[in-house]
Amino acid sequence: MRQLNLDQLRTLIAIVDLGTFSAAAKALHLAQPTVSLHISELEARLGAPLVLRGNRRITPTAAGAALVERGRKLLRDTDDAVEAVKRQAEGRVGRVRLGTSTGVLVDLLPQVLEALGAEHSGIDVEVSIRGSFEAMERLTAGTLDIGLVAIPQPPLRGIVVTPWCEQPMMAFVPRRWKAPKRVTPAWLAAQPLIFNEATTHMYRLTMEWFAAAGFAPRARIELNYDAAMRSLVAAGYGAALLPLQQSTDMAPGNDRMQILPVSPKLTRRVGIAHRQHALLDGATLSVLEVLKSFSQA
């Protein structure tokens, strides 16, 4: 036996609810011969009469009544399934995997997630801490949907990177140190230093800043967690070059560090990386739209 035809099932339910073929045809915007054909084909497929054709009102047979009862639930489930797909395609629901560094996570991402919760409450954003290199690798492999990465990045086939924000790099110096009002590579290179690990974009940015002034200092320690680096500075272990986080670094009571401008100026640029738009689902496109509304680039 072939599978049920949902249009024919919908026609049967309309006939039982409205009582006549003509009323069902009008409600479903079908020609009356089409309604009659739906019922005859449905009866032939199931091998049982489904309606009793009276003079004034159509009534279901026992088999027809049983089919109508179960058919209502089937059509509801079908409509729910179609609506679920529609919500997913339109970006109203879904899960989006987003990778970002700790610096962006602390300073900018909370605002983005708050806006997403207000505008797209059905989207679940799964945030993970990823360095830029790892984020780009995962985007290529399809295990990440969006990456907030340091730019510029080497071009990767199928991956789009657009500027998003810029963060000024500052010298973070223990409070008890005597430091100049503007920190130069020469002064900083003579101090105990805390760097990001050598595989990171931040390390390359830092070393290029020193190298332009003719210095190649070595760090006392290398690690990739911004909050830990700030804690070590506050403890007097060393100085660090880090992006300024307005929401935390400038908060009252942060009195264990000096946060000083550097000369020459140094800026960390962050971009939004993702696959080409044609390959993205609606939820990812919705998250990208909100991210771009916060663009500071």
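User: How far apart are the end C-alpha atoms of helix H1 (residues 6-18), and what span should its 13 residues have?

Analyst: This is a predicted model, in which local features need pLDDT of at least 70, side-chain atom pairs count only at pLDDT 80 or more, and totals for chains, interfaces and linings use all residues. Residues are numbered from 1 along each chain as its sequence is written, and side-chain values use heavy atoms, with hydrogens and water left out. Helices (H or I, at least four residues) and strands (E, at least two) are DSSP runs numbered from the N terminus, and the expected span is 1.5 Å times one less than the number of residues. For H1 that should give 18 Å, which agrees with the distance between its end C-alpha atoms, 18 Å.

User: Which residue follows H1, with a positive phi?

Analyst: At the start of H1, a side-chain oxygen of Asn5 is within 2.9 Å of the backbone nitrogen of Asp7. After H1 comes a residue with phi near 95°, Gly19.

User: Which helix gives the most to the lining of the largest pocket?

Analyst: A pocket is an open set of points on a 1 Å grid over the protein atoms alone where a 1.4 Å probe fits, with protein on both sides within 12 Å along at least five of seven lines; lining residues have an atom within 4 Å of a point. The largest pocket is lined by 27 residues, with Gly131, Ser132, Phe133, Thr200 and His201 nearest its centre. Helix H5 (102-107), helix H7 (132-141), E5 and helix H9 (201-212) each supply at least two lining residues. The most, 5 residues, come from H7.

Definitions and conventions:
A polar contact is a pair of N or O atoms within 3.5 Å; within protein, one must be able to donate a hydrogen and the other to accept it, and residues adjacent in sequence count only if both atoms are side-chain atoms.
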